[in-house]
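Dear colleague,

Please find the structure below, with its sequence. My notes on what was found in it follow directly after.

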Amino acid sequence: MKEELRSNGKPRLPPGQHIAKRFPILQKGSVVHLDRETYKLTLEGEIENPMTFTLQDLENLEDKEIVADIHCVTSWSKFNTKWGGISFSTLFKILNPKEVAHFVEFYCADEGFTTTVPIERLKADNAILALTYEGLPINNQHGGPVRPIIPDLYLYKSAKWVIKIMFLKEDRLGYWERGGYSNKADPWKEQRYSYHD
Ligand SMILES: Nc1nc2c(c(=O)[nH]1)N[C@H]1C(S)=C(S)[C@@H](COP(=O)(O)O)O[C@H]1N2
Ligand SMILES: [Mo]
């Protein structure tokens, strides 16, 4: 079969990856079940307008859809996944991050799971704070009701069951990153492990 290429002529599948047949479900422990009625997302740290949103608040802000190829560091990739939700530029207009906010840390409902990304990564066109997958609310297995999807980084940066988003001056290592995975996590550069950083 002829290899698929991206618009820049490079292969569509990052080095060392293969296509998954289904959509694997992966997390450090068990699947978390968050109650959609009582769900709250807290946004705080280096922003002018800290706030807490209910799921309804977030749904009212929905303004974006992406179709993305996603890549897990354990080597599976999935093409053409469709997510709907809020663009980070919309969120940033509301929150007004301070000049000093260079990193964004996601806290998750599976105790102890965090991950951090440079704020610039969230400004990419294909990053989204996702509420839907393939047109339906994201299910528990895939991190619903709310998870960021950041397709340009290995999928451990796309935190499931997000309950708090913290804006930071400085970087902080997350759960998989402390365990030896790369904090840079660019699949095109095959930054899988921390010794590449
Ligand atoms: N809260 C939380 N988010 C997480 C993880 C986790 O352990 N906890 N694992 C990450 C990893 S390693 C991967 S590959 C993806 C898997 O997402 P999926 O189960 O929707 O395929 O979730 C990421 N987000
Ligand atoms: Mo992963």
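Predicted model: local features only at pLDDT ≥ 70, side-chain atom pairs only at ≥ 80, totals over all residues.

I begin with H142, which touches F23, P24, I25, R147 and K160, leaving aside residues up to four places away in sequence; contact means heavy atoms within 4.5 Å. H142 lies in the loop between β9 (136-137) and β10 (147-149). Helices (H or I, at least four residues) and strands (E, at least two) are DSSP runs, numbered from the N terminus. H142 has a relative accessible area of 8% and is therefore buried. Here buried means under 20% relative accessible area, exposed over 50%, and partly exposed in between (1.4 Å probe, protein chains only).

Residues are numbered from 1 along each chain as its sequence is written, chains are lettered from A and ligands numbered from 1 in the order in which they are written, and side-chain values use heavy atoms, with hydrogens and water left out.

I25, one of the residues touched by H142, is found in the loop between β1 and β2 (40-45). With 43% relative accessibility, I25 counts as partly exposed. Apart from residues up to four places away in sequence, its contacts are V31, Q141, H142 and K160. The C-alpha atoms of I25 and Q141 are 6.3 Å apart, although 116 residues separate the two in sequence.

Q17 sits in the segment before β1 (18-19) and is buried, because its relative accessible area is 9%. Leaving out residues up to four places away in sequence, Q17 touches H71, C72, S75, W76, S77, Y154 and R192. Between Q17 and S77 there are 6.3 Å from C-alpha to C-alpha and 60 residues in sequence.

**The chain as a whole**

The protein chain contains four helices and 11 strands. Its radius of gyration is 16 Å, which agrees with the value near 16 Å for a compact globule of 197 residues; the radius is taken over C-alpha atoms, and the globule rule is 2.2 Å times the number of residues to the power 0.38. Along the principal axes, the C-alpha atoms fill a box of roughly 50 × 35 × 35 Å. Of the 197 residues, 47% are buried. Among contacts with a separation of 6 or more, 67% link residues 24 or more positions apart.

Strand β4 (residues 64-71) is largely enclosed by the rest of the structure, because six of its eight residues are buried. β4 pairs with strand β5 (residues 76-86) in the antiparallel sense over seven bridges; two strands pair if DSSP finds at least two bridges between them. Across this pairing, K64 stands opposite G85 and A68 opposite T81. The β4 and β5 hairpin has four residues between the strands, and S75 takes a positive phi near 100 degrees there.

β5 itself is mostly covered, with nine of its 11 residues buried. Two bridges join β5 to β1 in the parallel sense, and S77 in β5 is the bridge partner of I19. S77 is also among the residues that Q17 touches.

What share of strand β6 (residues 103-108) is buried? Five of its six residues are, and the strand is mostly covered. β6 and strand β7 (residues 114-118) pair in the antiparallel sense over five bridges, with T116 in β7 as the bridge partner of E105. Their hairpin has five residues between the strands, and G112 in it takes a positive phi near 95 degrees. β6 is also joined to strand β11 (residues 162-168) by six bridges, again antiparallel, and F103 stands opposite L168 in β11.

**Helix α2**

In helix α2 (residues 88-95), the buried residues are F88, T90, L91, F92 and L95. In general, an α-helix has 3.6 residues a turn, so residues three or four places apart point the same way. N96 follows α2 and has a positive phi near 55 degrees.

With kind regards
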